[in-house]
Amino acid sequence: MARGENSLEPTATTQDVRYREAARTYAAAIERLARGYEADADLARDLVQDIHAALWRSFAYFEGQCSLRSWVYRIAHNVAVSHIQAARRARPASGRCGLEEIDQLAAPDDIEREASESQLARRLLATIHRLKPADRQVMLLYLEELTAEEIGDVTGLSAGAVATRIHRLKSLLAEAFQTEEFDA
């Protein structure tokens, strides 16, 4: 008797197989993205679970019209954006800013010249947390090494608009960190 025939043991569906492959391949990226969107560690873990649940559900209608990578990031970011919007509705917006205000971020209060790269990475992530969700999404995907075209697939922006936004964000982030070094 073949597995699953007249048996109580369920067989793995295509949906299950696709989810397992995606979860195995992109688990670390999903966790990084969740931490990128949510600063609170407990809420970030909840977000990871929400992303995995949505990802599994999404494979019921995945038709392979884009790469698995683009699909996973699209689902992850849609869930993360919904998470951020729900959090924003639950609590008043505070500490977020747009590209225009980013040069005022990252006050030179606690960074010392000899700070390790991990401290700088945490500071960069904290700065990214303060960006508007659309800017944060593009920057997090860029840090995941997606191309401008792939980011466009996920966000709905054109590749040119993505490239322009990345350039502006990188310049503003670099400027914020250079300013800190001079002030330290």
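Modeller: Let us begin with a term: a residue is buried when its relative accessible area is under 20%, exposed when it is over 50%, and partly exposed in between, using a 1.4 Å probe and protein chains only. This is a predicted model, in which local features need pLDDT of at least 70 and side-chain atom pairs count only at pLDDT 80 or more, while totals for chains, interfaces and linings use all residues. Residues are numbered from 1 along each chain as its sequence is written, and side-chain values use heavy atoms, with hydrogens and water left out.

Colleague: How much of the chain is buried, then?

Modeller: Of the 184 residues in the chain, 38% are buried.

Colleague: And which residues are buried in α6?

Modeller: In α6 the buried residues are Glu150, Ile151, Gly152 and Val154.

Colleague: Stepping back, what does the secondary structure of the chain come to?

Modeller: The chain has seven helices and zero strands, where helices (H or I, at least four residues) and strands (E, at least two) are DSSP runs numbered from the N terminus. Reading along the sequence therefore gives the pattern α-α-α-α-α-α-α.

Colleague: How do α2 and α3 cross?

Modeller: Helix α2 covers residues 41-58 and helix α3 covers residues 68-90, and their axes come within 9 Å and cross at roughly 130 degrees. Here the axes are lines fitted to C-alpha atoms, for helices over the stretch in contact, and the angles run from 0 to 180 degrees between N-to-C directions. The two helices, α2 and α3, are therefore oblique to each other, as angles under 35 degrees count as roughly parallel, over 145 as roughly antiparallel, 65 to 115 as roughly perpendicular and the rest as oblique.

Colleague: Which residues of α2 and α3 meet there?

Modeller: On the α2 side they are Leu43, Leu47, Asp50, Ile51, Ala54, Leu55 and Ser58, and on the α3 side they are Trp71, Val72, Ile75, Ala76, Val79, Ala80 and His83. Contact means heavy atoms within 4.5 Å. The residues of this contact between α2 and α3 divide into 11 nonpolar, two polar and one charged, where Ala, Val, Leu, Ile, Met, Phe, Trp, Tyr, Cys and Pro count as nonpolar, Asp, Glu, Lys and Arg as charged, and the others, Gly among them, as polar.

Colleague: What about α1 and α3, at what angle do they pack?

Modeller: Helices α1 and α3 pack at about 35 degrees, and their axes are 10 Å apart. Among the residues that make this contact are Tyr26, Ala29 and Leu33 of α1, together with Val72, Tyr73 and Ala76 of α3. The contact of α1 with α3 divides into 13 nonpolar residues, one polar and two charged.

Colleague: How many residues has the largest nonpolar core?

Modeller: The largest nonpolar core has 38 residues, and those with the most contacts inside it are Ile30, Leu47, Leu55, Phe59, Trp71, Tyr73 and Ile151. Such a core is a set of buried Ala, Val, Leu, Ile, Met, Phe, Trp, Tyr and Cys residues joined through side-chain atoms within 4.5 Å. At least two residues of this core come from each of α1 (14-37), α2, α3, α5 (133-143), α6 (148-155) and α7 (159-183), and α1 gives the most, with nine residues.

Colleague: What is tyrosine 73 in contact with, leaving aside its neighbours within four places?

Modeller: With those neighbours left aside, tyrosine 73 is in contact with Tyr26, Ala29, Leu33, Leu141, Glu144, Leu146 and Val154.

Colleague: Is serine 70 buried or exposed?

Modeller: Serine 70, which lies in helix α3, has a relative accessible area of 2% and is therefore buried. Not counting residues up to four places away in sequence, serine 70 touches Glu150, Asp153 and Val154.

Colleague: And valine 48, buried or exposed?

Modeller: Valine 48 is found in helix α2, and with a relative accessible area of 14% valine 48 is buried. Apart from its neighbours within four places in sequence, valine 48 is in contact with Ile30, Glu31 and Ala34.

Colleague: Changing topic, where does glutamate 145 lie?

Modeller: Glutamate 145 lies in the loop between α5 and α6, and because its relative accessible area is 66%, glutamate 145 is exposed. Its phi is near 70 degrees, which is a positive value in a residue other than glycine.

Colleague: Where is the place of tyrosine 61?

Modeller: Tyrosine 61 is in the loop between α2 and α3, and at 51% relative accessibility tyrosine 61 counts as exposed. Tyrosine 61 and glutamine 15 are 46 residues apart along the chain, with their C-alpha atoms separated by 8.5 Å.
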